[in-house]
Amino acid sequence: MNISALLTSAGINIGFCALFLSLYSILRKQPSNVYVYFGRRLEKENSRYEDPFTLERFVPSASWIMKAWEVTEDEILTIGGLDAVVFLRIFVFSIRIFSITAVVCVFGVLPVNYFGQEMQHGRISSESLDVFTIANVKEGSKWLWVHCTALYIITCSACSLLYSEYKNISQMKLAHVTGSPPNPSHFTILVRAIPKSTEESLTDIIRNFFTNYHGSSYLSHQIISRIGRFQKFMSNAKKVYKKFVRIRVTALDNKCRPSLYRCGLCGVVSNSFQFYHGDYNGKSTDLQHSDTRKRKECSAAFVFFKTRYAAVVASKVLQTSNPMQWVTGIAPEPCDVYWPNLWIPFRQLWIRRLATLLATIVFMFLFLIPVTFVQGLTQLDQLQQKFPFLNRIPNKAFVIQFVSGYLPSVILQVFLYSVPPMMMMFSTVEGPISRSGRKRSACCKILYFTIWNVFFVNVLSGSVISQLHIFSRPKDIPAHLAKAVPRQATFFITYVLTLGWASLSSEVLQTFSLSYNWMRKYIFRLKDDPNAVPSFPYHTEVPKVLLFGLIGFTCSILAPLIVPFLLVYFFLGYLVYRNQILNVYSSYYESGGRMWPIVHNTTVFSLLLMQIIALGVFGTKDAPVASGFTIPLLIFTLLFSEYCRHHFNPIFKNFSAQDFIEMDREDEQTGRMKDIHMQLLTAYCQLPPPTSNAEETYYDDSVIGDAHNQVTI
């Protein structure tokens, strides 16, 4: 690929970005889209949007960028929680390290690559991108010490910034635990694999065991039941009730006057839809009582303790000499519990994990087919030799540039849309007990999948057309990586443009939510649902950002031209996601920033991969001095990773006894402990609680009240 093909791809993506951002700045001002672009603010602030018709509503503006930029980190912490802050810190770290990388590589490494061969350079627009990579440097060149020096600068800067970020986030994690209101999960443990007896009921077994061995600290317990269809019925009944209450106060203009209603699909006027004015709460008690006959008790329960320290100690020790019975662990937060997986027998978990691991591996290898096809498009001339029917493609410069420069990234992106739902399904089957744990599991699977298929398979399959024997000799893969990564740098640049720039503009535009909202309103004639606010998709966005970081590190000294495109992506992503956290996504549960260890480990892996590829490049370029200086850098990075793992990682896995004891003493001295104990008994509610009159009043006040807040856009 030459510069003109790259500029074609860049022009197409820049055009899409400008179009989407302009549309967003207009569509966000329209009252009909307020629940798409301000769902979180409408839900949390109990407000609604009113805006008179003005010409300004149809003029693109960049005011949202300034508002996203002016939000402080403390405000982000209050709005989105520690998870949102940690996610944005990925962009902060990336901007900092790749700013240093851009200065070093663009002004130091790029000229060395361009003038590495004694050749006559033509016009920049017709130059092949290979002349900007390390492949253009001749063997034995003394200028390779520039690449080695850049490698040291990038690695040392990345490790320093990583250490600083890990330290700051660890402090925020501790502050989140000690500074937040009393959390029921700190007093609660989840007990699984409880042995059953024919002589005693399950509740008596649990009470007798913990009274006997934890008598001074045991408070109470709650048995987990497998309710199945009845639980779904109760949840759906509550949702339907809320919708009818909302329809009553909005569609009937708070006077409940009779009117005609129009069918959403065919548009026929009908007066057959009547609203039920009876009391739902009157029947809720009967439903709750009838539920006791349908419960099926599981060998699991939530056990409540009087102090935080007692709960954390009970969760860490073996309860009996048989490690397969009375298995304990800290319970997730009440809103974070994933109830459908709590009934899974403990002995079945390892089988599920093994099965999902095998299924993930099979899916990864099946995905090789579209990836190999996509990479073949970047080498269109070789494909035409092997498949003569491809010679029918018009031999025009623009068509060739479009097919080889833009189309591969688009096709790969289309196939990648199927990955997150599949990995989320695998993670659900695996059996995590929390929603955040399920997302972290899916995040790791998607991360491994994208690194393998987007990076390794793309790099290796790029040369597979001409070198099919590459997989037959695994020991030669590092040398092949050293040769193949510079060749595939052009694909990675277009990948950053397509999946990076264009996807960010699509994210801020909320293409799918906007289409769904339009269908609900204008085809099915449904009202806006204030409760349908999405949660932040960390499991899809974190792997995407980390993949770009890996591509940036591995290609920085090999093909420095990619670094400016990555910097633009990280700057734009920082603004876009701050806006989305502020206005769109809601935080229903909090994991306490436990995504950061995944970020740290992936970044260290990227640094090691960069160094291994550089070591292979220096070996193929006959530069033994540079190769010798790279080996200590590998050892230093491994030691740095091990130090951080021992120094910071335990903070994200365990709780401090010192902090918990001090918090317990403070609650006892202030007299709050009794109230906390009372709240514990109703914190973990497996069935939705019966709706009270207060809830109906809330709907009336939020929808038809005279005094209401207004969203400022």
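Tutor: Before we start, contact means heavy atoms within 4.5 Å, while helices (H or I, at least four residues) and strands (E, at least two) are DSSP runs numbered from the N terminus. This is a predicted model, in which local features need pLDDT of at least 70, side-chain atom pairs count only at pLDDT 80 or more, and totals for chains, interfaces and linings use all residues. Residues are numbered from 1 along each chain as its sequence is written, and side-chain values use heavy atoms, with hydrogens and water left out.

Student: Which strands and helices do the buried residues of H10 pack against?

Tutor: Buried means under 20% relative accessible area, exposed over 50% and partly exposed in between, with a 1.4 Å probe and protein chains only. In helix H10 (residues 308-316), the buried residues are Arg308, Ala310, Ala311, Val312, Ala314 and Ser315. Their packing partners are strands S2 (188-192), S6 (297-305) and S7 (327-330), with helices H25 (657-670) and H26 (673-683).

Student: Is Tyr213 buried or exposed?

Tutor: Tyr213 lies in helix H7 (residues 202-213), and its C-alpha atom is separated by 8.7 Å from that of Gln319, 106 residues apart along the chain. Because its relative accessibility is 55%, Tyr213 counts as exposed.

Student: At roughly what angle do the axes of H6 and H22 cross?

Tutor: Axes are lines fitted to C-alpha atoms, for helices over the stretch in contact, with angles from 0 to 180 degrees between N-to-C directions. The axes of H6 (residues 144-179) and H22 (residues 596-620) come within 11 Å of each other, and their crossing angle is roughly 170°.
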